[in-house]
Amino acid sequence: GRFRGMQDQKISSSKLQNYLDEAVAAALKARALLLNYYGDLSQVEDKGKEGLVSEADLESEKLIISHLSEKFPKISFLAEEDSFKKQSEGHGESTPLAQDQWIVDPLDGTTNYIHQFPIFCISIGLQINNEIQVAVIDVPMLGRTYTAIKGGGAFCNGQPVKVSQSTELKDCLLATGFRSSDKELFADQL
């Protein structure tokens with residue numbers, strides 16, 4: 001198959017770094033776009049149980065897919081906004097069944113974004129050999145880009161980050177999100 005070359009050999013660290021660099025570049029392009037739309041949306045649609053979708057989601061996804069498919073035309077996409085899955089045809093397939101694929105959430109936190117609550121992000125991962133190898137989360141309003149390569153630690157704006165050493169719940173800061181559109185699921189979450 002067309003993915004065999006990647007599956008049959010260990011991916012070099014320089015190749016993974018190249019994937020990461022391009023994912024960061026795509027995320028930063030999407031950041032600029034989302035900041036431009038922030039507070040100035042003209043079109044917002046309800047996508048049922050999945051929440052809200054805006055033109056910012058759709059344009060961000062289109063931009064990310066365009067950037068990454070130009071750099072890596074053989075890698076497919078699993079992207080959140082179905083209407084842009086066809087965008088990637090001819091640049092790999094948009095299918096959740098492919099082993100090697102970019103996984104993209106072009107605007108994670110759409111509800112926050114639409115309500116101008118400044119906590120939202122762009123999430124991009126690269127799955128190779130059924131494992132996430134590269135990850136980028138960009139938080140536009142905080143100016144922070146979190147990155148990781150499998151086995152290489154996690155970073156924020158190039159500085160290493162570590163998990164908390166707290167062992168007691170009372171010493172921790174917790175945050176969560178709820179899917180309130182499904183009443184049964186919402187009750188379970190609470």
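These legends describe close-up views of a predicted model.

**View 1. The salt bridge between R31 and D138.**
The side chains of R31 and D138 meet at 2.8 Å, N to O. R31 belongs to helix α2, while D138 sits in strand β6, residues 131–139, so the pair ties together parts that are 107 residues apart in sequence. R31 has a relative accessibility of 18% and counts as buried, because the cut-off for buried is under 20%. D138 is buried as well, with a relative accessible area of 0%.

**View 2. The salt bridge between K150 and E131.**
Here the closest N and O atoms are 3.8 Å apart. The pair links distant parts of the chain, 19 residues apart. K150 lies in the loop between β7 (144–149) and β8 (154–156). E131 is in strand β6. K150 is partly exposed, at 47% relative accessible area. E131 is partly exposed too, at 38% relative accessibility.

**View 3. The salt bridge between D171 and K170.**
The closest N and O atoms of D171 and K170 are 3.4 Å apart. D171 counts as partly exposed, with 46% relative accessibility. K170 reaches 69% and counts as exposed, because exposed means over 50%. The count of salt bridges in the model comes to three. Side chains of opposite charge can pair when their charged atoms come close.

**View 4. Y37 and its contacts.**
Y37 is placed in helix α2, residues 13–37. Leaving aside residues up to four places away in sequence, Y37 touches E55, A56, E59 and Y113. Take E55, one of these contacts. Y37 and E55 are 18 residues apart in sequence, and their C-alpha atoms are 8.7 Å apart in space. Y37 has 21% relative accessibility and so counts as partly exposed. The cut-off for buried is under 20%.

**View 5. The second largest pocket and its lining.**
The second largest pocket holds about 220 Å³ of space. V161, K162, V163 and L173 line this pocket. Three of the lining residues are nonpolar and one is charged. No polar residue takes part in the lining. Rolling a probe the size of a water molecule over the atoms shows where empty space is left.

Terms used: Residues are numbered from 1 along each chain as its sequence is written. This is a predicted model: local features need pLDDT of at least 70, side-chain atom pairs count only at pLDDT 80 or more; totals for chains, interfaces and linings use all residues. Side-chain values use heavy atoms; hydrogens and water are left out. Helices (H or I, at least four residues) and strands (E, at least two) are DSSP runs, numbered from the N terminus. Buried means under 20% relative accessible area, exposed over 50%, partly exposed in between (1.4 Å probe, protein chains only). Contact means heavy atoms within 4.5 Å. On a 1 Å grid over the protein atoms alone, a cavity is a set of points where a 1.4 Å probe fits but cannot get out, and a pocket is an open set with protein on both sides within 12 Å along at least five of seven lines; lining residues have an atom within 4 Å of a point. Grid points are joined across faces, edges and corners, and a volume is the space filled by probe spheres set on the points. Ala, Val, Leu, Ile, Met, Phe, Trp, Tyr, Cys and Pro count as nonpolar, Asp, Glu, Lys and Arg as charged, and the others, Gly among them, as polar. A salt bridge is a side-chain nitrogen of Lys or Arg within 4 Å of a carboxyl oxygen of Asp or Glu.
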